[in-house]
Amino acid sequence: MTKTPLFIVCLLIACVAFLDTTHASALRTEVHTGYSKYLNDGPGGFGLGTRVAYPLWQNVHALLHLGWHQGSHTEKSEPNAFFSTDYESSTSALPMILGASYRFPHELVSPFMHLGLGGVLLNTDIKLNGSSLKDNPLFEGSAFKDNELNLALELGGGADYHIANNFSLGLLLNYTRMFTEPQSLEVLSIHGNVSYVFN
């Protein structure tokens, strides 16, 4: 399962390497952070990332996105005279996506949409009273993800508000689907971003 996504990620990186660097002054760079929710009744949490957009043709850009999503879910049993139990499940994902975006340029607000494909590194864990179950002999190692590389699909959109010179503030809504076994994972993100365009 890991060979195909690895090949795709290497191919995408190679495509970026062959871009015409003479147009580097037109690059758009961005950092974003905010709330990330694992769907399928998964944990909610925090996410951040960076995106680089390279102009291809008119309002179409090649897009490289590196991100990170961390989610956790904690439950505590009612304490009694004998014991209490703290249960925490956590999932982290590191997507590496290459795709394309289309921007609707306006002087003040510029909406955009994007679509991409790439790989994602997955890590999962369950802690009981602060101790990880990864080392518990009662659980198989395959029950957890440990830097597992999988194929990922990403799509979304948002809008940037131009504040001064080449700086913009914006809102990014993003959906990521990670194709893993036994069930695909989905993340919905609502992030704020700051971007800068090199002229």
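Is Tyr196 buried, partly exposed or exposed, and what is its relative accessible area? Tyr196 is partly exposed, at 26%; buried means under 20% relative accessible area, exposed over 50%, and partly exposed in between (1.4 Å probe, protein chains only).

The model is predicted: local features need pLDDT of at least 70, side-chain atom pairs count only at pLDDT 80 or more, and totals for chains, interfaces and linings use all residues. Residues are numbered from 1 along each chain as its sequence is written, and side-chain values use heavy atoms, with hydrogens and water left out.

**View 1. The tilted ring pair of Phe167 and Tyr196.** The structure holds four aromatic pairs. Rings of Phe, Tyr and Trp (its six-membered ring) pair if their centres lie within 6.5 Å; planes under 30 degrees apart count as stacked, over 60 as edge-to-face and the rest as tilted. The ring centres of Phe167 and Tyr196 are 4.8 Å apart and the planes stand at 55 degrees, so this pair is tilted. It links distant parts of the chain, with Phe167 in strand S8 (residues 167–179) and Tyr196 in strand S9 (residues 185–197), 29 residues apart. Strands (E, at least two residues) are DSSP runs, numbered from the N terminus. Phe167 is partly exposed, with a relative accessible area of 39%.

**View 2. The edge-to-face pair of Tyr196 and Phe198.** These two rings lie 5.0 Å centre to centre, with 85 degrees between their planes. Phe198 is partly exposed, at 37% relative accessibility. Ring pairs join Phe167, Tyr196 and Phe198 into a cluster.

**View 3. The largest nonpolar core.** Eight residues form this core: Tyr38, Ala93, Ile97, Val120, Leu122, Ala152, Met178 and Val187. A nonpolar core is a set of buried Ala, Val, Leu, Ile, Met, Phe, Trp, Tyr and Cys residues joined through side-chain atoms within 4.5 Å. Strands S4 (86–103) and S5 (109–128) each supply at least two of the core residues. Leaving aside residues up to four places away in sequence, Ala93 touches (heavy atoms within 4.5 Å) Tyr38, Gly67, Trp68, His69, Val120, Leu121, Leu122 and Met178.

**View 4. Leu108 in the loop between S4 and S5.** Leu108 is partly exposed, with a relative accessible area of 46%.

Terms used: Helix = DSSP H or I, 4+ residues; strand = E, 2+ residues; numbered from the N terminus.
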